[in-house]
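Please consult it alongside the sequence and coordinates.

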Amino acid sequence: MRIDKRRYYHLDWYLIINGLLIFGIGLLNLVSATSSFSSGSYNFMIKQLIAFAMGLVLIVIVMYYDYRVIANHSRWIYLGGIFLVVLVLIIGLAAGGAKRWISIFGFSIQPSELMKPILVIFLANMLYEKKRQNTPLSLKDIAKPLLWTLIPFVLIVKQPDLGTGIVIILVCFAILWYIGLKKSTYAVLFGVGAISPFIAWHYLMKPYQKMRVLSFINIDADPAGFGYHAKQAIIAVGSGRFLGKGFMAGTQHKLQFIPEHHTDFIFTVFSEEWGFIGSVVLFALFISFINRCLKIAMNAHDELGAIIAFGIASIIYVQFTINVMMAIHLAPVVGIPLPFISYGGSSLLSMLVSVGLLLNISTRRYMF
Amino acid sequence: MKEENLSSKYKWCTLVLVITMTVLLIRLWDLQIMRGAEMRKLSEQNRIRVKKIVAPRGIIYDRMGKVLADTRPSFNIYLTPEDIRDFSQTVDGLAKLIACDREEIIEKMKAASGMPPSFPIKIKSDIPMDEVARVEAHRVYIPGISIQIEPKRNYPYAASFAHVIGYVSEVSDEELKDKKKHKDYSPGDYIGKYGLERSYENDLRGVDGEKRVEVDAIGREVRTLDVIDPIPGNSLHLNLDLELQLSADKALETRKGAAAALNPKTGGVLVLASRPGFDPNLFASGISKTDWQKIALDKLHPLQNRAIQGGYPPGSTFKILLALRALDLGIINERTTFSCGGGFAYGNRVFKCWKKGGHGSVSVHRAIVESCDVFFYNVGLKLGVDRIHDFGNTLGLGRVTGIDLPNEQKGLLPSTEWKKRRYNQPWYEGETVSVAIGQGAVWLTPIQLAMLSSFVAGDGKNYKPQIVNRIVSTEGKVIKTFEPVVNADLKLKPGVLTIVKDGMRGVVNEPGGTAGASKVQNVLMSGKTGTAQAGSDKVKLGDHAWFIAYAPSDDASVAMAILVEHGLHGSSAAAPIAKGITETLFKVKTVIKEAKANENR
């Protein structure tokens, strides 16, 4: 393997350090969040670190090939991703009423997580020509990307993993917006967007999903049932007050008042222990990271790189925002992990592959 | 154009980021700063449960130090509303595990609706071990349930002491509403409802402790934060004697009636038995509806303490009162005789003596021994009802004696003033004739007649009946000793008491005495029988049997009154019970004596 030495000089150290800071905070937080589990926090930390190490290897691999080469093969990568997602439905491992994992070489992976960056590359490859021509997309133009997004969306929602499904759809729209839409396209999309909640409510949503929405609207409607998680979550966050209860001193998660507090609800653990001050710092790190992604997109060598970088920025933004909003009861409960922070190998790998792509794009920004 | 377009996209992105950050920070500020204190409190309430440690109730001992009421551990089921996830899952699940209706559980929860949701509600008390095991095994599936080991009141002699010791039961809603009196009580607490348990509630109860524990989301205790130990209730040492009580109770067991025995030198209550009774243990473990209805609706009124609440005409036992008063006033003396021809004509009515042929010429001694009615018709008329009333009142008759039990009845001792007040009518002398032999408008309780007996036995002095001798703390420190309180201390004319006491000794020990069959070997017992008409002239019920007695005759250490409702004759129904008590007290072993007598033959 031959690595062009020049690229080291162009490595985006800002992005790397910012990402490492978030991951470091996440690892520390994970120790506290999992300390009450019978298997102990050590076990979780090691698993997360193994995933991190594998992610670093993936970063190197991803960076080695020019992102344009990767994009050229994006259709095969996409098909591979779809294959894995279908495989989940057939031989998936069930946990908590959902089939989301498959076991490969003793590792259980969650293909829907990997589908996010794959879809970004796939869509970017499909659409960057339009972006270069700078022609706003007509309805006909968006039909194809929407279709290719809906296929994994439907498969993933069937698992059911509504959270990842929502992320995929939102990221697809963000990319379409980034490329530019005709006014008529905007109008139609807004129209569809306005009626889709009703269709979803009446035809698509499962009873427990409806209950989550209802208890989001009125938290006290069912405090012992679906409202319980939301209520305990805001109690955890609120009880952190200005300075927090201190590392390892949170009681809400430790005494099991909050379910999934090491994965989807991990922000409550952090906010309870580090308070308002800690949360502001974490928010600042995320915003700074997302901003850096956008910078990479802006300075990318070509439209392909810009779209990929923007797509990744939108993945991180959507996940961060929805996850935090869910924890502080500004959004209904939905299973979306907090990037770099939530426990889960697939999520972390997916994020690190994305970082690999970002570094790939940023180091090649001066190439011709 | 292209650059312009791009930079406008990034401006939008920046705007979105700024708005997002603003919204999130405002919300965080609201939760963590504005409502931080409230949320912190909620999180503390979440994890900290205050658990009551019920103080062990004071033990009740008899005068020899034998345990009459104590506490033993019991397993109780609690439900914490806050921890319930799915109401019907928990309630139905619990109803299935323990023999208990769904409605009963819901009712209990409704009763405690005023308490905070973190307050555990007691659902069932004293569950058997197999239910404990079942609930323990399924607890994880029914969040909100907990089992607590708590002291439970135990009455080893069950019904034999039911009317004296009383019982404890869960505090009722009505009692809880009386905030002043019951401010330290919360639903599920036990409170003395009857008998000594009620009179001495404040001494017996002790002070409950508290344990603050950290619990997790399904209510499991994670660790104890701190403990305030309970202060056990103080013990009561009674004047009551276990063996005497059991002797009297056994004799009454199959009948209706009461026995009261006092120490004439102190007023200490040695025996206070009443039958029918009930099992106080049923109340202490949370009485079931059917058990309660069975007791409450029983026509024999097992919840009435006949010894202090039952009013009965005293019959001939009342003659002692008349003899004392008439002799003291000099209306009659030892030699005064009246002729008994079996009847006494007064007005247009003939009052009969119980002995058809009459007693002939009788003095006061024979009149007591043989219970001549005609003699006392004459004495009664000479005394007049008011002097009988006043004297009886002084001794403790026709008013509450002040025994340390709740709801004592005062009975009735008539007077002209009473008749005027009650019926607005003058007193007729003919009524005095009836009163003279303890009939008519005279209603006395067994404890009051025991006071009369005690007055004679105590040579003109009697004391307020007192069941509790002293209150002792768990460390053995005597907190309070109840000194004898004099009820009546009269200087009677010399010789009066000797005459009456001779008469009463004769009742048991002389030939022709009405209670000759109840003579006690080795111990001289004195007494007076009574056979009182029950019901009215129209509805004839069996006569009530009375016997008042004291022993030994010369220096009495026990004075008593026995009543057997519809027992027919004082001599055959009531006197043997007094004999039994005396034999038990003085350890007279009848059977062995008889065996020896056979040997000698």
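What percentage of the 601 residues of chain B count as buried?

1. Burial in chain B. The share is 45% of the 601 residues. A residue is called buried if 20 or more other C-beta atoms lie within 10 Å of its own, exposed if 12 or fewer, and partly exposed in between, with C-beta atoms placed from the backbone.

2. Basis of the note. This is a predicted model, in which local features need pLDDT of at least 70 and side-chain atom pairs count only at pLDDT 80 or more, while totals for chains, interfaces and linings use all residues. Residues are numbered from 1 along each chain as its sequence is written, and chains are lettered from A and ligands numbered from 1 in the order in which they are written.

3. Composition of the chains. Chain A has 14 helices and three strands, and chain B has 23 helices and 23 strands. Helices (H or I, at least four residues) and strands (E, at least two) are DSSP runs, numbered from the N terminus. In chain A, 49% of the 368 residues count as buried.

4. Contacts within each chain. Two residues are in contact if their C-beta atoms, placed from the backbone, lie within 7 Å. Of the contacts in chain A with a separation of 6 or more, 71% are between residues 24 or more positions apart. For chain B, 73% of the contacts between residues at least 6 apart in sequence join residues at least 24 apart.

5. The interface. In all, 32 residues of chain A are in contact with 30 residues of chain B. On the chain A side, helices H11 (226-239), H12 (266-298) and H13 (303-327) each supply at least two residues, and the largest share, 10 residues, comes from H12(A). That side has 19 nonpolar, 12 polar and one charged residues. Here Ala, Val, Leu, Ile, Met, Phe, Trp, Tyr, Cys and Pro count as nonpolar, Asp, Glu, Lys and Arg as charged, and the others, Gly among them, as polar.

6. Helix H2 of chain A. The 21 residues of H2 (residues 13-33) should span 30 Å at 1.5 Å a residue, and the end C-alpha atoms are 29 Å apart, which agrees. The expected span is 1.5 Å times one less than the number of residues. Among the buried residues of H2(A) are A:Gly19, A:Ile22, A:Phe23 and A:Gly26. Their cover includes helix H3 (41-64), H12 and helix H14 (345-363) of chain A.

7. A:Val281 lies in helix H12 of chain A. The C-alpha atoms of A:Val281 and A:Ile22 are separated by 10.0 Å, although the two residues are 259 residues apart along the chain. A:Val281 is partly exposed because 13 other C-beta atoms lie within 10 Å.

8. Cis peptide bonds. Most residues other than glycine have a negative phi, and most peptide bonds are trans. A cis bond joins A:Gln159 and A:Pro160, with omega about 0 degrees; A:Pro160 is in the loop between H7 (139-157) and H8 (162-179) of chain A. Another cis bond joins B:Ala551 and B:Pro552, with omega about -15 degrees; B:Pro552 is in the loop between strands E22 (540-551) and E23 (558-564) of chain B.

9. Positive phi values. B:His301 has phi near 50 degrees and sits in the loop between H12 (289-296) and H13 (306-309) of chain B. B:His566 has a positive phi of about 50 degrees and is in the loop between E23 and helix H22 (570-585) of chain B. B:His301 counts as partly exposed, with 15 C-beta neighbours inside 10 Å. B:His566 also has 15 C-beta neighbours inside 10 Å and counts as partly exposed.
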